[in-house]
Amino acid sequence: MRSLLLGLMLVSVSGCGSSDSLSGRGGADKGRILIELDGAQPSASRGQLNLKGDTLRFKVGYGRNGISCAGSTFEEGWTPLGTFRVNAILSEDRFAMDPSLVNESGKSEAYLRKNLFRNMSSIDFKGDGETGEYGLGYISLAPVPATPQPFRFNTYDGTFRWYSFAIHGTNDPGRVGQSVTGGCINVGRKVMTDLLEVVQLGDEVVISSESPCTP
C-alpha cells in the first residue's frame, strides 16, 4: 500500500518550475528526509525524500531567528541542525505517536487521536485572528542522540495541546521558503499531503546547512 501511495504521489507532483515541489531521480538516501537550510538565502532552502529510487524535492521555511547547531536544546525561533527521528504524526486523518509520549500526555490514545491536532490547530499563535497555523499536518521530530528539550503537554489558553520541533504545514503558503517560523520547518499544502501519506514513526530526518550555525 505504501509503494502504491508513493507512486500516486510522484505522478501528481509538479515539474521543476513549481514553487512548491518537484520530482526527479536519485539524490537522497533511502528512508530519509534530507533538509538543507540556506542561512543567506532562505528561499533556496530545500528538502527531499527518497523512497525506492524516486525523489520528492520541496521548498522549506525555517526559524525566524536563524539556525542553531546540532545538539542544541530547542529555543523559540531557532531551527536546530542534526539528525532527528519522527516520534509523532498528527493530522485530521492520521494519528501515530510513540507510546512513551502517549503515556507522558496523561491522556488516552483515543483522546489524543480525536482531539490533539484539532486543539493545536485551534490556537491563534500570532494573535491575528487566524487559526490553523500548522496547516494540514504536523510531523514531530526528536533529536538523535537524545538531548534535553523543553517540550511538554500542557493547557494553553484553556486548550490541551502539545508543541515540539516539527515539520508542519501552514495556513499561509507565502511563509514557506522564508525565515519566519517559531523554529519548525514549514512546507506547502501539497508537500504536507504527500509526506503524511508516506512518513512513518521512526523515519530519519537529517537537517544540515553550509551556513554558520549558532551554538
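This is a predicted model: local features need pLDDT of at least 70, side-chain atom pairs count only at pLDDT 80 or more; totals for chains, interfaces and linings use all residues.

Reader: Why is the pair Arg-32 and Glu-204 called a salt bridge?

Author: The term requires a side-chain nitrogen of Lys or Arg within 4 Å of a carboxyl oxygen of Asp or Glu. The closest N and O atoms of Arg-32 and Glu-204 are 2.4 Å apart, so the pair qualifies. Arg-32 lies in strand β2 (residues 32-37) and Glu-204 in strand β16 (residues 204-209), 172 residues apart. Strands (E, at least two residues) and helices (H or I, at least four) are DSSP runs, numbered from the N terminus. By the salt-bridge rule the count comes to six.

Reader: What makes Arg-32 and Glu-204 partly exposed?

Author: Buried means under 20% relative accessible area, exposed over 50%, and partly exposed in between (1.4 Å probe, protein chains only). Arg-32 has 29% and Glu-204 has 26%, so both residues are partly exposed.

Reader: How do you know that Arg-118 and Glu-92 form a salt bridge?

Author: The closest N and O atoms of Arg-118 and Glu-92 are 3.7 Å apart, which is within the cut-off, so the pair is a salt bridge. Arg-118 is in helix α3 (residues 109-121), and Glu-92 is in the loop between β8 (82-91) and β9 (95-97), 26 residues away. The relative accessibility of Arg-118 is 45%, so the residue is partly exposed; Glu-92, at 48%, is also partly exposed.

Reader: Why is Leu-56 called buried?

Author: Leu-56 has 0% relative accessibility, which is under the limit, so the residue counts as buried. Leu-56 sits in strand β4 (residues 54-59).

Reader: What makes a set of residues a nonpolar core, and which have the most contacts inside the largest one?

Author: A nonpolar core is a set of buried Ala, Val, Leu, Ile, Met, Phe, Trp, Tyr and Cys residues joined through side-chain atoms within 4.5 Å. The largest has 49 residues, and those with the most contacts inside it are Met-97, Ile-139, Trp-162, Ile-167 and Ile-207. In soluble globular proteins, nonpolar side chains tend to be buried together.

Technical notes
Residues are numbered from 1 along each chain as its sequence is written. Side-chain values use heavy atoms; hydrogens and water are left out.
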